[in-house]
Amino acid sequence: MDTGNKKETEKMQSPDSDLSEQIKEATKDSHVRAENTKLMLSYQRGQITLPQYKLLLFSLYEIYKALEEALDGNAAHPAVAPVYFPLELARLEHLEKDLEHFYGEHWRDRVIVPAATHRYTQRLRQIGREKPEYLVAHAYTRYLGDLSGGQVLGRITQKSLGLENGKGLSFFSFPAVSSPNRFKQLYRSRMNSIELTKEEKQGVLEEAVRAFELNIEVFDELRKILSFTENQGNALQKQMTASFKTQGGRPMAKSTVPALLASSRFLRLILGVCVALLTVGIGIYTF
Ligand code: HEM
């Protein structure tokens, strides 16, 4: 963790306050930055599209797989046990259900892992092996976020994409949590019961800032992949519109237009997959 984060978290923590208050304070600015990423802003405006949502689900699947494997593997660790709530919080099976809904039973063959998502999962696996006491920072960042702004995002997704009967929305649903607010209170009190040395506590606060940063990098990269594919698609559509008008000076039959647009969508998809594969390739090469 860089020294900038360290100074920031040290400055804000008072020695007596609880971990839950300190972590909220330490990540306040990061939360604002996460909310204001282009992807989250377009989400809040109700501009989320199905390809965006589907790509986001792939990244969330990879992140929760790494997070929940690390939590399961350290369930008895004294810094993990108090905040280990697999029944109430685990997201992996929910994400699998959503992915199967959108991609069919062979969805695993189609998972796309952008480089920033890969970095996030590498960090989760590393701390699962080397620093399990930092897992609370990651569990807090994701699960309390899912129970807070995440619930609003769930409603926006349902409306924007017109998804019926909760299909494809399982990620947002917490059937074993009857009141998110009460559950968050319980979670905070469990966080506060974890015994940590001063150094460990400092490390957890820095890790929480890092967790937000990793999320921001994932959103920024997804946004780049998506805007690239959308721009390519638009450019292609413009070219096609121009070619409709210039075909021997005569307008083309209307019925051919949808077919061409469909093929443009197909090309856009191919381009998207190429960019994603390239990004994954770079990610794997880097690590
Ligand atoms: C559209 C984006 C977002 C919106 C509108 C949003 C909104 C909110 C709101 C309203 C709360 C409740 C604050 C409270 O109960 O006092 C909250 C809490 C929280 N959010 Fe977000 N959020 C967004 C994105 C994120 C992201 C991307 C993350 C992390 C990856 C995140 C992590 C958290 C956490 C950890 C909390 C709990 C804070 C605490 O009580 O300690 N949020 N968010």
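How many residues surround the ligand, and which are the closest?

Reply: This is a predicted model, in which local features need pLDDT of at least 70 and side-chain atom pairs count only at pLDDT 80 or more, while totals for chains, interfaces and linings use all residues. Residues are numbered from 1 along each chain as its sequence is written.

The ligand is surrounded by 17 residues, the closest being Lys24, Ala34, Gly145, Ser148 and Gly149; a residue is near a molecule if its C-beta atom, placed from the backbone, lies within 6 Å of it. Two or more residues of this shell come from each of helix 3 (28-35), helix 4 (38-44), helix 9 (135-146), helix 10 (149-161) and helix 12 (198-246). Helices here are DSSP runs (H or I, at least four residues), numbered from the N terminus. Helix 9 contributes the most, four residues.

By class, the shell holds eight nonpolar, seven polar and two charged residues. Ala, Val, Leu, Ile, Met, Phe, Trp, Tyr, Cys and Pro count as nonpolar, Asp, Glu, Lys and Arg as charged, and the others, Gly among them, as polar.

An unreviewed UniProt entry lists Lys24, His31, Tyr140 and Arg188 under "binding site"; such annotations may be inferred rather than shown by experiment. Tyr140 lies in helix 9 and is buried, because 23 other C-beta atoms lie within 10 Å. The cut-offs are 20 or more for buried, 12 or fewer for exposed, and partly exposed in between. Beyond its neighbours within four places in sequence, Tyr140 is in contact with Ile23, Met191 and Ala208 (C-beta atoms, placed from the backbone, within 7 Å). Arg188, in helix 11 (residues 180-192), counts as partly exposed, with 19 C-beta neighbours inside 10 Å.

Notes. Two residues are in contact if their C-beta atoms, placed from the backbone, lie within 7 Å.
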